[in-house]
Amino acid sequence: MKKRIAIYGSTGSIGRQALEVIAENPDQFIAEILTAHSNTDLLIQQAVQFQPNVVIVSDELKYEQVKSALSGHPIKVFAGEASLIEIAGSDMYDILLAGIVGYAGLSSTLAAVEQGKCVALANKETLVVAGDIVSAAAKKSGALLIPVDSEHSAIFQCLVGEAHNPIEKIILTASGGPFLGKKPNYLINVKKDHALQHPNWTMGAKISIDSATLMNKGLEMIEAKWLFDLQNEQIEVLVHSQSIIHSMVQFEDGSIKAQMGLPDMKLPIQYALAWPKRLKNDFKRLNFKNYPSLTFESADTKTFRNLALAKEAMFKGGNAPCVLNAANEVVVDAFLKNKIGFLEMSDIIEQCLEKVAFIEKPGLQDYKDCNTETRALAATFFK
Ligand code: NAD
Ligand code: MG
């Protein structure tokens with residue numbers, strides 16, 4: 001039986017690579033549902049090529065364009081966030097690849113989790129914003145969350161066969177991004193073109209900036225906490241600039257397991273879709289002789305303050321990670337539009353964390369309101 005895959009965010013970096021994995025394994029997977037926000041040209045092209053059962057364009061203004069372009073094909077076309085949610089909760093697919101970027105991915109991912117579906121999770125912001133609600137829903141419904149984020153996929157792989165062995169700690173590796181070793185007097189002048197150049201990975205714009213500021217690692221700490229049911233103290237970050245060790249788990253006997261490979265997101269995507277099987281592929285293999293030294297160092301959280309702010313929000317709990325995420329989405333967008341500088345991003349996030357009222361046990365509506373409020377507040381710090 002082929003697995004029917006719903007790719008939420010099919011036009012993004014994760015979505016496009018997922019479609020490559022599907023195209024390379026036609027006996028294993030079918031692209032059943034494709035969704036995108038506004039890149040309709042690519043969505044239409046993907047739909048014509050993969051002939052999914054359903055296409056959803058979340059920007060409702062683009063519906064007519066997509067509908068008429070696909071009119072000669074046996075493809076159902078829907079539009080809007082409500083359709084994303086409805087189809088995510090349906091039986092029309094086997095695995096939902098959550099590849100939408102940001103808070104926008106929360107509602108559909110949660111709908112799938114509430115229905116007990118299998119979710120291959122790339123959208124880390126879902127767990128950062130509402131990790132308690134999403135993981136409680138998964139426990140209740142029996143939904144399976146398989147991480148796609150390379151660090152979390154590494155940890156997931158290290159935990160195979162260890163169900164009864166408690167974790168002492170996890171070590172999340174970080175590449176350090178394009179500005180590893182740089183100081184504030186350098187960072188004050190960096191522009192988006194430079195920040196978008198990641199040394200090891202090619203990714204969407206938002207996560208590329210998050211990698212440059214180290215916010216990505218902060219979001220990943222919070223993601224790991226909920227995925228693996230960890231205490232905050234059990235999560236460690238280690239800068240490993242070669243991105244060969246994708247992360248590690250230390251068990252109670254002191255033994256450490258690592259998952260390694262060349263940095264290529266298609267591997268964790270393929271692993272999540274094929275789990276528990278490993279599929280043969282021709283991805284480039286790691287040759288240790290090309291990496292005579294693997295290096296490790298602490299993250300410079302005095303310079304890259306976003307990581308310190310994320311850690312603080314994780315320890316504070318409640319709605320603090322939701323505030324962190326919302327403020328971060330606004331400042332990353334502003335940085336990408338050249339409205340604010342690189343270091344200002346942390347200043348604004350810090351202000352938002354101080355000013356938005358703390359809620360210790362938020363419900364889903366509290367998270368939604370907190371997201372809206374924080375976005376509005378963050379936007380007041382620049383024109
Ligand atoms: P991207 O910007 O390349 O693609 C985002 C996708 O989301 C697009 O298909 C877009 O149409 C869709 N989208 C954007 N706004 C939307 C909205 N308001 N409503 C519905 N859909 C919307 O992003 P990406 O780099 O592929 O990242 C996707 C997610 O995966 C992020 O959460 C990111 O943190 C995570 N992730 C990405 C990588 C990577 O290598 N790119 C690695 C690890 C984790
Ligand atoms: Mg990652």
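## Aromatic pairs

The model contains 5 aromatic pairs, counting rings of Phe, Tyr and Trp (its six-membered ring) whose centres lie within 6.5 Å, with planes under 30 degrees apart called stacked, over 60 edge-to-face and the rest tilted. Phe179 and Phe342 make an edge-to-face pair, because their ring centres are 5.3 Å apart and their planes stand at 90°. Phe179 is in the loop between β8 (167–174) and α8 (184–187) and Phe342 in the loop between α14 and α15 (344–355), so the pair ties together parts 163 residues apart in sequence; helices (H or I, at least four residues) and strands (E, at least two) are DSSP runs, numbered from the N terminus.

Phe335 and Phe342 are also edge-to-face, with centres 5.8 Å apart and planes at 75°. Phe179, Tyr186, Phe335 and Phe342 form one aromatic cluster.

## Basis of the model

This is a predicted model: local features need pLDDT of at least 70 and side-chain atom pairs pLDDT 80 or more, while totals for chains, interfaces and linings use all residues. Residues are numbered from 1 along each chain as its sequence is written, chains are lettered from A and ligands numbered from 1 in the order in which they are written, and side-chain values use heavy atoms, without hydrogens and water.
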